[in-house]
Amino acid sequence: MTTSGVPVGIEPVPLRPTGQSSQGGPVQLDDLSKAIIEKLQEDGRRPYSAIAKEVGLSEAAVRQRVQRLMDASVMQIVAVTDPMQLGFARQAMIGIRATGDTSKLAEQLAAIPAIDYVVLTAGSFDVIAELVCKDDNDLLELLNVQIRGLPGVLSTETLVYLKLVKQQYNWGVR
């Protein structure tokens with residue numbers, strides 16, 4: 001928790017539908033919640049008091065809305081980093097062709113600490129996973145032992161990242 005009251009930290013993304021109401025559909029956001037999200041996308045450390053002034057609510061109301069949005073998995077407040085700047089020299093996207101229940105495979109992949117992103121897809125791949133490794137040896141071990149060794153994995157295709165050019169999360173709420 002920062003002195004502004006905005007929680008900051010890296011949290012794992014749960015592998016479950018996010019942003020859904022208790023009835024299973026998308027959460028309906030009003031204009032105030034959308035404005036709060038946009039302010040936090042610009043600066044996740046922006047104090048609730050500053051957001052409150054900008055959107056016309058009290059600081060307590062902003063704090064409650066942010067907490068509800070986080071509890072509903074509509075958003076997270078995290079520190080976004082460049083892995084290469086932190087000593088992780090290898091990033092890659094792995095396309096996985098699989099057989100059987102791809103949801104189970106996705107859950108197993110999500111449990112691997114080096115994998116930071118898992119999606120079920122349609123098309124050439126059944127699952128796509130993004131990973132961050134210390135070096136090529138770590139990547140090779142991850143591919144050969146942890147990914148290709150999982151039940152249902154038929155084949156993989158590795159797209160190695162050479163340079164991070166753009167990584168933004170401020171697309172707004174439309």
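**Figure 1. Packing of helix α1 on helix α3.** Helix α1 (residues 31-42) packs against α3 with the two axes 10 Å apart and an angle of about 85° between them. Angles of 65 to 115 degrees count as roughly perpendicular, and α1 and α3 are therefore roughly perpendicular to each other. On the α1 side the contact is made by L32, S33, I36, I37 and L40, and on the α3 side by V62, R65, V66 and L69. By class, these residues divide into 7 nonpolar, 1 polar and 1 charged. The model shown here and in the views that follow is predicted.

Figure 2. S33 lies in helix α1. Its relative accessible area is 8%; residues under 20% count as buried, so S33 is buried. Apart from neighbours within four places in sequence, S33 is in contact with R65 and L69. R65 and L69 also belong to the α3 side of the contact between α1 and α3, and S33 belongs to the α1 side.

**Figure 3. Crossing of helices α2 and α3.** The axes of helix α2 (residues 48-55) and helix α3 (residues 59-71) cross at roughly 105° and come within 8 Å. The two helices α2 and α3 are therefore roughly perpendicular to each other. Helix α2 contributes Y48, S49, I51, A52 and V55 to the contact, while α3 contributes E59, V62, R63 and V66. The contact of α2 with α3 has 6 nonpolar, 1 polar and 2 charged residues. V62 and V66 of α3 take part in this contact and are also among the α3 residues that meet α1.

Figure 4. Four strands form an open sheet in the order β2-β3-β1-β4, with antiparallel pairing. Strands β2 and β4 (153-160) are the edge strands, each pairing on one side only. On average, neighbouring strands of this sheet are turned by 20° against each other, direction ignored. Helix α4 (residues 102-110) packs on the sheet and touches β1, β2, β3 and β4. The direction of α4 makes about 170° with that of β2.

**Figure 5. Strand β3 between β2 and β1.** In the strand order of the sheet, β3 stands between β2 and β1. Strand β2 (residues 115-120) pairs with β3 in the antiparallel sense over 5 bridges. In this pairing, I115 stands opposite L131 of β3, and V119 stands opposite I128 of β3. The hairpin of β2 and β3 has 6 residues between the strands, and G123 in this hairpin takes a positive phi near 120°. Strand β1 (residues 90-98) also pairs with β3 in the antiparallel sense, over 7 bridges. Here A129 of β3 is the bridge partner of I94, and I96 stands opposite V127 in β3. Of the 7 residues of β3 (residues 127-133), 6 are buried, so this strand is largely enclosed by the rest of the structure.

Figure 6. Strands β1 and β4 run antiparallel and are joined by 7 bridges. R97 stands opposite S155 in β4. In β1, 8 of the 9 residues are buried, so the strand is largely enclosed by the rest of the structure.

**Figure 7. The protein chain as a whole, for placing the close-up views.** The chain has 5 helices and 4 strands, which run α-α-α-β-α-β-β-α-β from the N terminus on. Of its 174 residues, 30% are buried. Among the contacts with a separation of 6 or more, 66% are between residues 24 or more positions apart. The accessible surface comes to about 10,800 Å², and carbon and sulfur atoms account for 52% of this area.

Notes:
Residues are numbered from 1 along each chain as its sequence is written. This is a predicted model: local features need pLDDT of at least 70, side-chain atom pairs count only at pLDDT 80 or more; totals for chains, interfaces and linings use all residues. Side-chain values use heavy atoms; hydrogens and water are left out. Buried means under 20% relative accessible area, exposed over 50%, partly exposed in between (1.4 Å probe, protein chains only). Two strands pair if DSSP finds at least two bridges between them. Axes are lines fitted to C-alpha atoms, for helices over the stretch in contact, and angles run from 0 to 180 degrees between N-to-C directions. Angles under 35 degrees count as roughly parallel, over 145 as roughly antiparallel, 65 to 115 as roughly perpendicular and the rest as oblique. Contact means heavy atoms within 4.5 Å. Ala, Val, Leu, Ile, Met, Phe, Trp, Tyr, Cys and Pro count as nonpolar, Asp, Glu, Lys and Arg as charged, and the others, Gly among them, as polar. Accessible areas come from the Shrake-Rupley method with a 1.4 Å probe; for residues, only the protein chains shown count as cover.
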